[in-house]
Amino acid sequence: MCLTIPTIKVLLVFDKEDAQFKSLKWAVEKLQFECVVASSDTQALDLVRNNHYHLIIVDTRHSSGFDPFVLSRSFRLSKDNHYSCFIAVVKRSFAEKEESSVLNILNSGFDRWFLESCSLAVCLNELILIEGNEIMTRLKLQAAQSLFTALENSHDAVVVTGKNQEIQYMNQASEQLLGCNADEMIGKNASQLQRIDSTKADMIENVSTHTKKGIEMEGSLFRKRKNAQQVPVWNRMTPVDVHNGVAEHTVLIREGRSISFYSEKSFIHDSDFLPYTLTNKKSIRNPSYDVRSLCSEAGIHRRQSFARLHTMTIEAPITKVINMLIATQENSPNFVAQDLDKILEILRSTDLYSPQLLGLNQHRRPTDDKLTSDLISGLVMMPHTEATMGQKPGQRRLSHEVNQRMSRSSIVSPLATIPSSDTASSTNGSTLENSMEWSFDIIELERISDKKALSWLGMTLSSTFNVCSVLNCDENTLRNWLSLIEANYLNNPYHNSTHAADVMQAAAYFLQKPRIKAIFDPLDEVISLIAAIVHDVNHPGKNSAFLCNTRDELAILYNDLSVLESYHAARAFRLTLSDKNVNILQNLDRDTYQFVRESIIDMVLATENIDELWGNYTSLQTDEEKAKGLPVVMPTFDRTTISLPKAQMGFIDYFINDMFSSWDAFGDFPELIEYIQSNYTYWKEQDEENQQQEVSKEES
């Protein structure tokens, strides 16, 4: 759970400002907590009724002034302090009594005690412990309550089960979908919610096996309602906290539909379920199916609804939405009707999917910033051809749709042999010894390896991440594969094999970090490295928009959708599968191979437009676009008008800072932030020098 930590608010309730009070107050201020002081019970109660405090520390050592135990019970009655931590400051002699004196403290409403100590270090360390344990736990509980509120209002049916599939939670949508009350189902086995008699035993075993491995699964099953009605529901099963093959919890999410949908439609019982699909938890791909197997005699029979397609009215979803809004508008108050007019105007616009940069700087209108507009267009918008300018982009082509009959160029053979992992490390030891550091110099490795950085570094990192062991391949095959992939990178100024090595090294750097290590298993790590190696293989030196505008054969092959990314992924697998001497995936079983393939394709497709903004390189493309009379994809990078320092600063301001700040908050990469700040300072100095030169020219 990722939380935004608020400023911790502390209330000190002391009737005397003695040495203990001063020590605790110093520690609170040292930790930059917000500190409020109350010297009487009346003042403390007023403060607690009107404010929420994360930590309340009450002095119980003195009997005069107020009764601290009565005060603590009064605090507990306040509805705004359910998640507050109450600390009692007690004398050491009180803690040394033989009887269970701590029970008196707990029974009075306090959470723990603090033995009096005027030591600044003791007070400071105690508050640090309280923050890390008591306060953070309560913040998570408070956030969890918000999450449960969100679940209760979700349209999807959500069920959470325990180790033995006993139901521990059901939201309101689950109650409506299944026609039963949550109180009736809590503690019962979740298998009662599905029609077991129609579910194949091998599918149940398959689901159980992969759930034990922590693998998320999807599929359609008939669910039983309380009235015995059979309801086909799309399910997603996600195991949580898997230890020794046992999931502490399983989250079942069922597609949300209105009850009328289930009651008005009839279902064909010979299509009880579609095959469950193994999916990567981190994948955003939709599941794909083999249509022939679904419709064959051996598979599931085709739904009868397919035979009635000719009776259906075909209507675009956006048309349905507009018609529904117009119908709503007729019976709405004037102020609602006016808002709906604005919504309808937006929906009818041809720029419906054009990106608009909002909220980055309240004192600056991004639409007035030509650099920002061009960056947004280049990064976010799908490529437009001359014939399709102004049309909305289509859906990304999925991996199973990629045409494998590729004819752009023949496979390039390896240019030279490369050393083993041990030889690579020893030959270039001084350079490769820091290959897991962010400061690694990829340009120096390119120089000393005669532009074979990808092969040399690839063998070194493969040894570090046990690639051969994970893929069950020998080192010669891996070495041949690296050489083949490197040979198929063209001699581009930027998208070359050294760039691939650089991306691979960055991926390796991130993969070694504890936060990432805790999430990825060894196969995930190897997949990430392979995707980094092949992500730009055979890059033509122009971006997808240029290929679409020039009607390149790749743009035609991939229908102008994720052209380069689709090509890189397809090219990588074509090379890998071309010969057993380079096929590093040949020893994987069928399911593992399919998982690896889908994951690599997903990661390569996800790089779309990420590394297209390299100034000089983009200027070369802009020159050619102007020479051929093509639409200029990014006018900002026209070499006759470009200010490279301003372009770099704008890119850092609008994209890099927020992105890497979030990445740093997740994985703890402070050195990245330092490098970004250093780069920004450099480009700012370059910009100031350019401005001074311009002023000098004008004066002369």
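1. Residues 381–417 stay under 50 in pLDDT, the predictor's confidence in each residue, from 0 to 100. For this stretch the model has 88 contacts beyond four places in sequence; a contact means heavy atoms within 4.5 Å. Residues 359–368 are also below 50 in pLDDT, and 8 contacts beyond near neighbours in sequence are found there.

2. Some ground rules. This is a predicted model, in which local features need pLDDT of at least 70, side-chain atom pairs count only at pLDDT 80 or more, and totals for chains, interfaces and linings use all residues. Residues are numbered from 1 along each chain as its sequence is written, and side-chain values use heavy atoms, with hydrogens and water left out.

3. The protein chain has a mean pLDDT of 75. Of its residues, 70% reach 70 or more. Confidence is lowest in helix α10 (residues 259–264), at a mean of 36. Confidence is highest in α23, at 95. Helices (H or I, at least four residues) and strands (E, at least two) are DSSP runs, numbered from the N terminus.

4. S528 lies in helix α23. S528 is buried, at 7% relative accessibility. Buried means under 20% relative accessible area, exposed over 50%, and partly exposed in between (1.4 Å probe, protein chains only). Not counting residues up to four places away in sequence, S528 touches L511, F520 and M603.

5. H535 sits in the loop between α23 (522–534) and α24 (544–549). H535 is buried, with a relative accessible area of 4%. Its side chain makes a polar contact of 3.1 Å with that of H499. Another polar contact, of 2.9 Å, joins the side chains of H535 and D536. A polar contact is a pair of N or O atoms within 3.5 Å; within protein, one must be able to donate a hydrogen and the other to accept it, and residues adjacent in sequence count only if both atoms are side-chain atoms. From H535 to S566 is 31 residues in sequence and 9.8 Å in space, C-alpha to C-alpha.

6. K513 is in the loop between α21 (497–511) and α22 (514–517). At 18% relative accessibility, K513 counts as buried. Leaving aside neighbours within four places in sequence, K513 is in contact with F669 and E671.

7. On cysteines: the whole structure has 0 disulfides, a disulfide being a pair of cysteine sulfur atoms within 2.5 Å. C85 is buried, with a relative accessible area of 0%. C35 is partly exposed, at 25%.
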